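Biologist: Please take a close look at one helix pairing in this model. What meets what there, and how do the axes run? Then cover a few backbone details elsewhere.

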Amino acid sequence: MRRLFQKSISLYTKPNLISSNPNSPLQLFHTVHKPSKQTNHVFSERRSGFGLVRLETDPETSPDNPTHCEFAAEVEKIYRILRKFHSRVPKLELALHQSGVVLRSGLTERVLNRCGDAGNLGYRFFVWASQQPNYRPSHDVYRAMIKSLSKMRQFGAVWALLEEMRKENPELITVEMFVVLMRRFASARMVKKAVEVLDEMPKYGVEVDEYAFGCLLDALCKNGSVKEAASLFEDMRVRFKPSIRHFTSLLYGWCRAGKLMEAKHVLVQMKELGIEIDIVVYNVLVGGYAQAGKMADAYELLKEMRSKGCEPNAASYTTVIQALCGQEKMEEAMRVFVEMERSGCEGDVVTYSSLISGFCRWGKIVRSYEILESMIQKGFMPSQMTYLQIMLAHEKKEDLEECMGLMGEMRKIGCMPDLGIYNTVIRLACKLGEVKEGVRLWNEMEEAGFSPGLDTFVIMIHGFLAQGCLIEACEYFKEMVGRGLLSGPQYGTLKELMNALLRDEKLEMAKDVWSCIVTRGCELNVCAWTIWIHALFSKGHVKEACSYCLDMMEADVMPQPDTFAKLMRGLKKLYNRQIAAEITEKVRQMAADRKITFKMYKRRGERDLNEKVKEKQDGGRKRRARRRQWPSQAKAL
């Protein structure tokens with residue numbers, strides 16, 4: 001495989017394949033896929049399918065951009081200061097003052113981008129920069145900060161920032177800032193909050209126009225809230241005239257949810273209003289049929305497109321190819337690819353990447369290298385996504401050496417590994433117990449200008465835990481918390497870390513981790529508290545569990561019924577009636593405030609515990625029964 005790839009590299013580095021001629025295949029590819037701001041559709045042809053991915057290079061952050069080179073040294077210097085002192089604000093401010101960095105236009109935006117998912121780092125710098133004399137945040141800085149805070153789901157901080165802008169820089173508030181907020185609410189499935197953004201916009205001097213409404217509709221449909229989007233669309237039909245953009249969003253949402261009947265109803269509505277179906281609408285429908293496994297209907301739709309003078313494009317065929325690859329019908333996918341080329345429609349990077357992904361997924365790595373060779377021969381530059389598919393296949397085979405070699409070959413042709421590539425290789429290194437190699441790759445990644453994201457931290461923490469390196473796991477976890485990356489979906493990592501520490505009788509270290517979470521201002525919900533309290537209780541630290549339960553209620557978070565019942569049982573064994581009475585009284589008061597019957601709450605907790613015990617007993621009986629059956633079955637065989 002390595003020899004085959006070396007052959008591909010030599011083909012790509014031949015000068016006749018990369019031409020400065022604007023009509024060369026490579027130049028045409030970049031021209032075709034350059035994002036356009038003039039499109040009226042919420043879906044361009046590049047995004048019409050299901051799972052289609054295009055990697056776009058931001059010209060402002062490209063290493064070849066002279067502006068980027070101008071800022072690179074200062075951005076990296078500030079980023080290192082933020083990483084070192086972000087938890088100690090006075091020292092951070094002193095270090096930034098002594099850094100000699102001069103705030104100027106474009107620098108703050110690039111620092112925020114460099115911080116990546118670590119929103120706390122970016123926020124610390126934004127606060128410091130805003131306090132400097134003769135500095136006024138620009139529109140781009142405010143927008144980047146709103147985007148970062150929204151990604152961290154710090155929605156209260158976003159509204160506070162908008163309020164500050166309204167008082168000090170109202171002219172900088174634009175509809176795009178509210179669009180960012182709407183999309184984040186929609187991705188968090190907070191539909192009511194997303195809709196409320198429309199109502200709040202006039203208070204900040206921004207008119208609710210068709211563009212804002214279309215963005216909200218698009219965000220809801222893309223994030224699994226198509227029913228709510230359809231209801232909102234009907235309510236707002238009088239205020240905003242239905243357009244092809246609105247219908248395309250709804251069509252995409254219904255197809256993605258597998259509701260093809262509702263999607264057809266949207267088509268009927270479009271025809272009734274005289275809206276002509278275009279290539280984007282057809283591609284969404286093709287994707288819907290392909291995703292639902294109705295390949296015959298997808299092929300029929302492609303024929304219908306040709307008969308109506310709407311020739312299928314690369315996105316149309318790639319959608320079908322991806323669906324076939326997902327069903328392990330690789331030969332049929334290749335036939336569709338050949339048919340596409342015969343019809344005069346040339347595949348693009350995503351088409352080739354989809355085929356490579358399909359062959360890799362089903363263990364045919366040699367065929368994927370053959371497709372890669374063909375792709376390079378035709379002048380297409382493989383993207384990081386292309387290589388990622390091959391990396392994932394090598395990861396399944398636990399071939400770390402092959403992954404490392406592939407990263408080297410990527411660099412040779414100028415396709416630098418991205419965060420996804422690094423995450424994959426670090427995960428494999430940790431899986432194989434090569435944690436030191438994982439740390440080396442982590443450092444290499446940061447030196448290359450990438451800010452470790454949430455996935456990278458989780459990978460490293462689990463890698464350290466698997467090797468019993470609890471101190472290192474705690475340090476990385478606290479760093480993750482300090483950068484503002486801890487959120488609800490990562491509570492599984494918190495649970496595993498706490499259980500590992502308490503299992504190894506490292507109570508003080510566990511308390512230190514929890515203290516870090518509380519003091520860094522993380523939003524702690526009932527799940528986080530429950531994980532910590534149950535971990536303490538299960539390892540026999542009943543008094544500590546009760547103490548944190550009281551802290552939990554002081555924070556106005558009500559314990560779950562089974563938590564309450566569990567603590568009462570533990571205190572009963574310890575004959576500690578005083579703490580039991582205190583917890584019971586507080587729970588009773590919180591239940592009354594929330595209009596919950598305390599007796600029912602208590603019964604439910606007892607019932608939940610009994611059911612859990614019964615499930616464990618039943619599971620044990622079933623396992624023992626299977627063991628008893630095994631010898632007799634073996635004899636029968």
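**The α15–α17 contact**

Modeller: On the α15 side, Ile279, Asn283, Val286, Gly287 and Ala290 meet Ala315, Ser316, Thr319, Val320 and Ala323 of α17. Contact here means heavy atoms within 4.5 Å. By class, this contact has six nonpolar, four polar and no charged residues. Nonpolar covers Ala, Val, Leu, Ile, Met, Phe, Trp, Tyr, Cys and Pro; charged covers Asp, Glu, Lys and Arg; the others, Gly among them, are polar. Helices are DSSP runs of H or I with at least four residues, numbered from the N terminus.

The model is predicted: local features need pLDDT of at least 70, side-chain atom pairs count only at pLDDT 80 or more, and totals for chains, interfaces and linings use all residues. Residues are numbered from 1 along each chain as its sequence is written, and side-chain values use heavy atoms, leaving out hydrogens and water.

Now the geometry. The axes of α15 (residues 279-291) and α17 (residues 314-326) come within 9 Å and cross at roughly 10°. The two helices are therefore roughly parallel, a term for angles under 35 degrees. Axes are lines fitted to C-alpha atoms over the stretch in contact, and angles run from 0 to 180 degrees between N-to-C directions.

Leu285 also sits in α15. At 7% relative accessibility, Leu285 counts as buried, which means under 20% relative accessible area with a 1.4 Å probe and protein chains only; over 50% is exposed, and in between is partly exposed. Leaving aside residues up to four places away in sequence, Leu285 touches Leu251, Cys255, Leu267 and Leu301. Leu285 and Ser316 are 31 residues apart in sequence, and their C-alpha atoms are 9.6 Å apart.

Next, the backbone details. Most residues other than glycine have a negative phi. Arg189 is not a glycine, yet its phi is positive, about 60°. Arg189 lies in the loop between α9 (175-187) and α10 (191-200). Arg189 is exposed, at 52% relative accessible area. Glu398, also not a glycine, has a positive phi of about 55°. Its place is the loop between α21 (384-396) and α22 (400-412). At 41% relative accessibility, Glu398 is partly exposed.

Helix α31 (residues 561-574) has 14 residues. It reaches 20 Å from first C-alpha to last, close to the 20 Å expected at 1.5 Å a residue. That expected span is 1.5 Å times one less than the number of residues. Buried residues of α31 include Phe564, Leu567, Met568 and Leu571.

How values were computed: Parallel < 35°, antiparallel > 145°, perpendicular 65-115°, else oblique.
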